[in-house]
Structure formats: C-alpha cells, structure tokens
Amino acid sequence: MSSYRQLRSNLYVEYDAPVFLADGFFTTLVDFSLAYGINDNKLLSNTAIFYEDLKSGGSFCSANQYIQLIRNVNQYLYNIDGLELEVGKFSVNQLYIPLANLVSHCQSLDEAIGTIKKFYLFINPLLSLHVISDNDFYYLLLTERFSLSESSKFVFKSMLSSLSELLSLFGGEIIQSRFYLSESEPDECSNLYKRLGMDITFSSSFNVMVIPRMQVASSDKHTSAIAYKRYLSECEAISKKIILPPSLIEHIHEFVIKNCGENNISLEACAKYLSLSRSALKRKLSKNSITYQAILDESRSLLSIKQLYLDELTVDETAHNLGFNDKTNFRRSFKRWTKKIPSDFRR
Amino acid sequence: MNNYLSYHRLKLILLLVLTAVLFIITSYSFEVKPAESRHMLDIIGEGGMCLCLFIWITIFLAVRPASLVTNLVYTGLLLLYLASLQDLSDEYFFINGYLTLTKAVESLPMIFGMVALTVGLFFWHREQKIFNSTIERKEKLLREPKWIDTATDLYNTNYLISQLNDLNKADVNSCVMVVDIAGYDSICNSYGLNKSLKLVRDVSKLIEIQIPHNSLICRSAGETILILLTGKSTQEANKLFGKIKDSIRDIDYFLNVDSKMQINLTFSAIDTSQIDLSLSKSELIKKLLTHNTQYQSEAV
C-alpha cells in the first residue's frame, strides 16, 4: 500500500514538496531585493528558508516557498519598477547550472529553443513552457504549473525577461521578438521596453514570446561543438539529480487535451486518470488555490486558439474537436475564456 | 528595529560585574538586617528605581549603535544605577560604620551620573537635529513618490513627461538627451545590483554638475538616463555630451577596493519639437528609446 502511495505521489510535484533548487531566479530575487534595502528577515519571513542556507548553496525549496518569497517582495518592494524584469534577466547568468553557456553554444535558433525547452525548469520551476512553431515563427507560450494568483504577473514577466536574455546570449544581441502579455498596460513601461523590446501587446489571452525564424544566420555563429557537448552533459547530469516531474495542473492540462474531443472531461474522469478519488483531487486543487473549472477553461482556450490560429481550422471544426455539439455554445465559451471572438484569432 | 546588544558586550559585562562586586563587598563588610527591621516601602521604592535603571540601560544599549552619545548616557545611567543600588543595600544590611568607600559609592556617583547624563542628552539633541535635517531633505522626495525612481532617488520618466508638457505649453525649444552606460549588464553580472545602482547614481551626479541648472535629469530603466535640456538644440546637446563623455572617461571609477574601471557613455538627442506630446505616456517613452536604439545602430 505504501509503495502504491509513493508511486502515486511521484506522479506529480506537490505544491509544498521541496524539490526545486533554490538557485538562479530564487537567489537573484533575494540578492536584488536586499540590494533595494529590504531586511533579510522580512524578505524571507514565512518562507521557512534561512539566508545562511542560500549563501551556502544547494538548498531546495517548494513552489509554495517560491510564491511566498514573491509575495514578500511584492509587499515590501511594491514601488520598485521593473524588479521582476531585472531579476529575470540577470538570474540567467547567475544560474550555477550552465544553461546560459549551453544556449550560447547552440548552432541554430531551432537548437537554442529546443535546449531552452528541455531545461526551462532550471530557470523558473513555477511555469510551463510550450514551444509551438509554424513556417514563420516560434511561439514560446507560458502557463502556470502552480496556481500563482497575484504573483503571476511578476513570474510571467521575469520568465519572459529570462527567455529574452537567454536568446540574446545565443544571438549575440537582443533578438527582436514580439511579446504578448496577459496583464493590462502598466503606468510605467520604460522597463518593459528596455528589457523586452518595443513590440509588446498588453491584455492578451496568454503570455507568449513570438520569435521570427531565421533571425540568426547559422554561418554567423562561431560555436564550439566540444563546449556544447560538455555543457549539455553537465545540464543533463543535473537534470537527472533533480526530480522535476510535472505538476498536478500540468497533468490535468494533459488529461483535458487528450480527452476533450470525446467530451469525457468531468472531474470524476480526471480523478480516475490521476488514480485519485474525486474528493482527494478536489482537496489537492483547493490546496493549490485553483478550481478544476479554471484549469479546464485554460486548457480548452489554449487548444482552441492553437487550432484556429496555427492549424487554421474553421470554427465548426474547432468546436467539434473540443467536444462542443453546438457552435453557438463554443462561441459563448470562447468569449468567456479569452474576452474575444474566435474570428479574432483567424489568420 | 535593529538589536545592537551584541555590539555592547563589554558594557553589559561591566554592569553585571559592578553589581556583583558591590553586593559581595557589602555582604562581607556588614551584618544582614533581620526581616522585621526592614522597611518595605523603602525597599519597593529604592528597589524599583534600581530595577528601572537596569532595564533602561539594557533597552538603551539594545537600540543604540556605539557612539559618543551612547557612551555618555550609558555612563550616566550606570553611575545612577550604582548609587541607587548602594542606597538599596542599607535596607538589607546594617551600614553603621560608614566606611568612606561605601559613603563615596552612595553619594558621588549620583552627581557624576547626572552630569554625564546631561552632557549625553545635550549631544543626543544635537545628533537628532542633524537627523532631522537629513529627513527633511528626503521628505521633499517622498512627498511625490510617483515622480521619484526609488532605486536611485532620481526623477522618473513620469516627471520628465509632465515637464515636457509644461515646456510645450510655454513654447520653449528644448531637447532630450538619452544617455546609456556602456557594458552596464556585465557590470551588473560581475558586481551585483547594489554596485550597479551606485554607478548609475554616481554617473548621474557627474552629469548633473556639468549641465545647466535649468536641466532635468531622470532615470528611465536600467542604466538609461534621460536629460531634458531646456532651451538647447540637439547640436548644443551633442557638444555638451562630448565634454561630459570625455570628462567621465578620464575618471578612474572604483567599483571595489581594488578594481577600477573607465566609464563609457553612449548618447542620442532628440528635439522636443519632434516629440508628439499627444501620444500616450508609454508611446512617448517608446519613441524616445526607439530613437536612441536607431541612433546607436547608425553610429555603429
């Protein structure tokens, strides 16, 4: 029985399981916040993390602790503009994991994005990175691995800043990308323009970085194959040491995407898929401060936008693929999810 | 509140040692009074005073860093404490013989303590006046936090835009200089944010002393400094920047005790007449930063 429980709990990362390295984003956030004059006791209050442990390195923390740290930063440093962007940018170079070096030695943009996709959890374990591409663009879409609530703006922007910095390390200069941010346009945009570039669309349905293909000609890149292999093996070795299974929310996303066509996406079916009872799943979701309906809506809106925009399917086909019997119902749901109508996403 | 007790270990040890010494000398030299001869009111009054002075000393040391004021007030309170302790001891012992030392310990520390305390309080008042003047200067900044960049205490872009609007109404031809510190990102990576922000502050001070008094200097984002030069054309701004750049490049800037660097600045200028003030705030900032990026790439 106990081994069965252990097996089941290893299927996903619990909200309070200390499995993430308190490094990179975490330590840079602490460093930068201290530089802005906040007291370390206040900064780390309620996180159950000690400053001395961070200095000695190698500590692990849970998603819960990450989120509490961001809450503390938002509470005490609410008047510092662009802190999350600075942290995102500089944390890339302060990772002890040699991801920045590995990306800078990639030979093509395709390889660089593939590498980032493979090891993105080293940068920030609170988000999922989905890479979608077509003939013209790469779409780096970010979704929440854990419910971030009021910390989500901070985490999304810092991750986008990290991605932008990583790709600039690959390209040698800032790669001109387009950013879609879910937050509304802030009062002070200087930091966003400085760190992400001028092409930013606010109040978007998702947080996405769009990178045009062929930005960097492979002949212009001078890379070392030996260095690349060495950094790759170092990253893989670290990846093996750190257990980073998907989160509960990611599992539910996967379940919804697999099953929404057959309209078999009830809470009971999902609980069965995760080998949990209905009440246990509800309890776990409430611990994550999220509802099943919210995850369902996010998965379906994501899938519908992908089908409408990238796969260029009709509204009828998309509605059918998502298990809607009626086009009007789909339109109504789509508007509720994205505040837009399906035709806005047609090319 | 910071706790400074660990910085005053010697002072605390001295307090405890003197208390113990006084008690040992008194108990060895004099006979203990029987319980019926003791006056409870005196014990409560004098004992309470002793206890209060002990608590005062401890709290005072906990909240004060080492300084002249701390030393003087501590000395004053310590002497008052010893005098009151000696005063209390005659409630427990028959101090009939009146050793000269005992008498001296009871009478003299009181007056010396009061003198030390008075001098200490005078210096404390002077210290407070200096703090108040500093706070008054800061208060000026805190009154309008929406216009201040908290990291560097410079004005932010919101204030620049409000000034641009005012200048536009007054129909004064001016220009905006956009100044960047070359290699700022690598400095931030190598030396941390604290040193990098200090660099931005120092560079802005160096620029400030070389531009006319009616100019406005503010921080946009990262290392980007925006300067509004009232009544100047872009040609004049170019000349002015050349001088500023040369003067700052000649400085050996110490980021650490042993690592010095040369500061290189990059620059672009845009005439305010070219800025469409009907644009939204974010569009305006975008225009200024885009102009700077284009100017830099053309220069390269």
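Predicted model: local features only at pLDDT ≥ 70, side-chain atom pairs only at ≥ 80, totals over all residues.
In β7(A), Val208(A) is the bridge partner of Leu141(A).

Strand β4 (residues 137-144) and strand β7 (residues 207-212) of chain A pair in the antiparallel sense, over 6 bridges. β3(A) and β4(A) also pair in the antiparallel sense, here over 7 bridges. In that pairing, Leu127(A) stands opposite Glu144(A) of β4(A). A hairpin of 3 residues joins β3(A) to β4(A).

The bridge partners named above are collected here.

| Residue | Opposite residue | Strand of the opposite residue |
|---|---|---|
| Leu127(A) | Glu144(A) | β4(A) |

The sheet as a whole is open and has 5 strands, in the order β3-β4-β7-β5-β6 (chain A). Its pairing is mixed. The edge strands are β3 (127-133) and β6 (200-201) of chain A, each pairing on one side only.

How many of the 8 residues of β4(A) are buried? The count is 7, so β4(A) is largely enclosed by the rest of the structure. Helix α15 (residues 292-310) of chain A lies across β3 and β4 of chain A. The helix runs at about 170° to β4(A).

**The helix pair in chain B**

Helix α1 (residues 9-29) and helix α2 (residues 40-63) of chain B have axes that come within 11 Å. The axes cross at roughly 170°. An angle over 145 degrees counts as roughly antiparallel, and α1(B) and α2(B) are therefore roughly antiparallel to each other.

Which residues meet? From α1(B) come Lys11(B), Leu12(B), Leu15(B) and Leu16(B). They meet Phe54(B), Ile57(B) and Leu61(B) in α2(B). The residues of this contact divide into 6 nonpolar, no polar and 1 charged.

**Cysteines**

Cys235(A) is buried, at a relative accessible area of 0%.

In chain B, the closest cysteine sulfur to that of Cys52(B) is in Cys50(B). The distance is 9.7 Å, too far for a bond; a disulfide needs the two sulfur atoms within 2.5 Å. Cys52(B) counts as partly exposed, at 41% relative accessibility.

Definitions and conventions. Residues numbered from 1 in each chain as written. Chains lettered and ligands numbered in written order. Heavy atoms only, no water. Pairing = 2+ DSSP bridges. Helix = DSSP H or I, 4+ residues; strand = E, 2+ residues; numbered from the N terminus. Contact = heavy atoms within 4.5 Å. Axes fitted to C-alpha atoms, helices over the stretch in contact; angles between N-to-C directions. Parallel < 35°, antiparallel > 145°, perpendicular 65-115°, else oblique. Nonpolar A, V, L, I, M, F, W, Y, C, P; charged D, E, K, R; others polar. Buried < 20%, exposed > 50% of the residue type's maximum accessible area, 1.4 Å probe, protein only.
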